[in-house]
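Hi everyone, thanks for coming. Today I'd like to walk you through a structure that may be new to you, so let's bring it up on the screen.

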Amino acid sequence: MRFAVTKVCASGAKARAGLLQIGSSGVETPALLLSTRKGLPAFMSPDLLSSLPLPDSLLLNVCPTHFIEVPPSKTISNIGGLHRMLGLPDHILVAAAGESTECLPSSDATNKFGASFETPAGRKLVKPSDYMELISCLQPNLWASLADEVPAWVNEKRNKTSVERTLRWLDACIALDAASGRNSLGVVVGGSSIEQRKLCATEVSKRNVSGFWIGGFGLGESVEERCSLLNAVTDCLPLEKPRIVSRLGLPEEVLEGVASGIDLFDSTYIYQLTMGGFALIFPIDMVEREMQNGVFDSSAGDSAKINLRATTYRKDMSRIVDGCTCFTCQNHTRAYLNHLINVHEMLAQILLEIHNTHHYLRFFRSIREAIKAGEFDIFWKQFVENRRSQIAAAAIRE
């Protein structure tokens, strides 16, 4: 694995563009890790995955605990690993235990031996040795060590215990995987404690890891806490290695992360939108003041997305977003998607996930272009200001 920072914002800002190269595949950062179930996005087959923008869509986040017993990890190993089983040899698979809402660890059930997860085979206590056996069978390109993630409301003593366990498990995971030569990611935890976050980041930086997975976010912290914690962590990490953060999915959260120096983002935002029947519509270039498809109807969503379940779209023959080049927008209308959703056809989720993923990958591309042009601060400010003004206008119309 090779990672290089290609552009850093001026005036002391932390936002940066980079290039992550693994084998023959290279992806520019900041970038999105596509959330998966059993190695693929929830509603996409490999042929549909190939219709997404390249190389932006090459990054897949896989959760090893999804593969406990179903299918047996040894079966995947005998096939030749997850790349071969999925038929995706050129994709970059990044494995982390706390990938999705369904597989979040239970803080109360976790103990000194391992982290407790709800898995397809029921609740399991996953020890470092069990976890590394899964990693060995799946053969991902990058893997994040097992970590003790805790919610924001735990006390300082529990935060300290979380850091101690995570560092101990990191050492155990690295030792178990020493002979493989795989690229590892050290996990930074510490809950809402800036002191423990800094300690964990500093200690993880001393280990022989290829990058950093910043975990424990999206678990109850406030916006103000999140910004302070992110900046405290990135200040302690070396500049030459990639940083990944989990569960920051909203556009505003992504921009906050980029401003703090984050390179890769893992979240279930697209999946949650798709399951709810929502489609992303916000302009990719937020410098433009006009909304897509005319005046926004506040009764059917907000300024970032629309709820295609709403009856207002029953006879709407327009695309989700004018000018969008995704398969869904090129071939189907809002009215058709409204029909599919309301008659509970799975094709609705397939088409929505294609559009939402395509749209969000283009959003990340715009972020990279803004950084390269030295205009990220302007991009970020105008995005937030436009979102606030659109939400205020929608509230007035109601």
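Let's start at Cys 329: leaving aside neighbours within four places in sequence, Cys 329 is in contact with Arg 319, Ile 320, Val 321, Cys 324 and His 355, where contact means heavy atoms within 4.5 Å. You'll find Cys 329 in helix H10; helices here are DSSP runs of H or I with at least four residues, strands are runs of E with at least two, and both are numbered from the N terminus. Cys 329 counts as buried because its relative accessibility is 2%. For that label, buried means under 20% relative accessible area, exposed means over 50%, and partly exposed is in between, with a 1.4 Å probe and protein chains only.

Before I go on, please keep in mind that this is a predicted model: local features need pLDDT of at least 70, side-chain atom pairs count only at pLDDT 80 or more, and totals for chains, interfaces and linings use all residues. Residues are numbered from 1 along each chain as its sequence is written, and side-chain values use heavy atoms, with hydrogens and water left out.

Now, which residues does UniProt place in the feature "binding site"? In an unreviewed entry, UniProt lists Cys 324, Cys 326, Cys 329 and His 355. They are spread over 32 residues of sequence, yet they cluster in space, with a largest C-alpha distance of 8.5 Å. UniProt positions follow the numbering used here, feature names are shortened, and annotations may be inferred rather than shown by experiment.

Cys 326 sits in the loop between strand S16 (305-307) and helix H10 (327-331). Its relative accessibility is 2%, so Cys 326 counts as buried. Not counting residues up to four places away in sequence, Cys 326 touches Ile 354, His 355 and His 358.

Let's step back to the domains. The domain assignment gives domain 1 (2-266) and domain 2 (276-396), with bounds that come from an automatic or database assignment. The contact takes 32 residues from domain 1 and 24 residues from domain 2. Their C-alpha centres lie 28 Å apart.

How many salt bridges are there between domain 1 and domain 2? The count is four, a salt bridge being a side-chain nitrogen of Lys or Arg within 4 Å of a carboxyl oxygen of Asp or Glu. Elsewhere on my list is the pair Asp 56 and Arg 368, whose side chains meet in a salt bridge at 2.6 Å, N to O.
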